[in-house]
Amino acid sequence: MPRQPAGVCGPSRRGGPTPFERRGTPPLLLIRKAQMKSLERAVLARFHTTARAQLRGALPAGTPEERVDALLDHGLAKAAAAGMETERQILRFLAVMVALGPDFDRDPTRPRLGETLRQGLPPWMALDRLEAFARGEDPDAEERAVLRAFAEPSPIEVAPTATPEAVEA
């Protein structure tokens, strides 16, 4: 009978039964650290390919690969610093970076862009606002309109109640 690795389906290294043995179920999948590292490298390589293709499509034709790679590295570092975590968030951030410029968050002529990233908003909300800026929209316009609507007197005004002084007059 072939020998099984310790802790998988046989006795654990500590001498007691494994959690799987206690439950009476064999492990369905066991991923070792080296395998996990290999999977991480493959997923990261796939993501880099996707991000590079997105940048290449957004940049003018004939942009040197070195420039694309430099922008990708710059964008990935900025996305991480801005709190972007998922692939989708990072790709959205790269699109904003291409539309607004590589250092849009430090542009003195558009301070609201950097403020948007420093406000502590959730990444999806910050990206929504930055994408609105990139489209030339004002992301605060709707909020200001709502505030103006509530600041104005209501069109339905309650008639003043009659006071005793008003009745006598």
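A: In this predicted model, the axes of helix 2 (residues 33–58) and helix 3 come within 10 Å and cross at roughly 115°.

Q: Why are helix 2 and helix 3 called roughly perpendicular?
A: Their axes cross at roughly 115°. Angles of 65 to 115 degrees count as roughly perpendicular, and helix 2 and helix 3 are therefore described that way. The crossing of helix 2 over helix 3 is right-handed.

Q: Which residues make the contact of helix 2 with helix 3?
A: Helix 2 contributes F47, H48, A51, R52, L55 and R56. From helix 3 come E65, V68, D69, L71, L72 and L76.

Q: How do the residues of the contact of helix 2 with helix 3 divide by class?
A: Seven are nonpolar, one is polar and four are charged.

Q: What is the handedness of the crossing where helix 3 passes helix 4?
A: This crossing is right-handed. On the helix 3 side, L71, L72, H74, G75, L76, K78 and A79 make the contact, and on the helix 4 side I90, F93, L94 and M97 do. By class, the residues of this contact are eight nonpolar, two polar and one charged.

Q: Why are helix 4 and helix 6 called roughly parallel?
A: The axes of helix 4 and helix 6 (residues 123–134) come within 10 Å and cross at roughly 25°. Angles under 35 degrees count as roughly parallel, and helix 4 and helix 6 are therefore placed in that group. Their crossing is left-handed.

Q: Which residues make the contact of helix 4 with helix 6?
A: From helix 4 they are Q89, R92, F93, V96, A99 and L100. Helix 6 supplies P123, W124, L127, D128, L130, E131, F133 and A134. These residues divide into ten nonpolar, one polar and three charged.

Q: How do you know whether R92 counts as buried or exposed?
A: R92, a residue of helix 4, has 14% relative accessibility. Buried means under 20%, so R92 counts as buried. Leaving out residues up to four places away in sequence, R92 touches W124, L127, D128 and E131.

Q: Why does V98 count as partly exposed?
A: V98 is also found in helix 4. Its relative accessibility is 28%. Buried means under 20% and exposed means over 50%, with partly exposed in between, so V98 counts as partly exposed.

Q: What does V98 touch, not counting residues up to four places away in sequence?
A: V98 touches L55 and A58. The C-alpha atoms of V98 and G75 are separated by 9.1 Å, and the two residues are 23 residues apart along the chain.

Q: What makes R135 count as exposed?
A: R135 has 53% relative accessibility. Exposed means over 50%, so R135 counts as exposed.

Q: Where does R135 lie?
A: R135 lies in the loop between helix 6 and helix 7 (141–151). R135 and A99 are 36 residues apart in sequence, and 8.7 Å separates them in space, C-alpha to C-alpha.

Q: How many helices and strands does the protein chain have?
A: It has eight helices and zero strands. From the N terminus on, the order of elements is α-α-α-α-α-α-α-α.

Q: What share of the residues of the protein chain counts as buried?
A: Of its 169 residues, 24% count as buried. The chain exposes about 12500 Å², and 60% of this is supplied by carbon and sulfur atoms.

Q: What part of the contacts with a separation of 6 or more comes from residues 24 or more positions apart?
A: Such residues account for 41% of those contacts in the protein chain.

Definitions and conventions
Residues are numbered from 1 along each chain as its sequence is written. This is a predicted model: local features need pLDDT of at least 70, side-chain atom pairs count only at pLDDT 80 or more; totals for chains, interfaces and linings use all residues. Side-chain values use heavy atoms; hydrogens and water are left out. A crossing is left-handed if the near helix is turned anticlockwise from the far one by less than a right angle, and right-handed if clockwise. Helices (H or I, at least four residues) and strands (E, at least two) are DSSP runs, numbered from the N terminus. Contact means heavy atoms within 4.5 Å. Ala, Val, Leu, Ile, Met, Phe, Trp, Tyr, Cys and Pro count as nonpolar, Asp, Glu, Lys and Arg as charged, and the others, Gly among them, as polar. Buried means under 20% relative accessible area, exposed over 50%, partly exposed in between (1.4 Å probe, protein chains only). Accessible areas come from the Shrake-Rupley method with a 1.4 Å probe; for residues, only the protein chains shown count as cover. Axes are lines fitted to C-alpha atoms, for helices over the stretch in contact, and angles run from 0 to 180 degrees between N-to-C directions. Angles under 35 degrees count as roughly parallel, over 145 as roughly antiparallel, 65 to 115 as roughly perpendicular and the rest as oblique.
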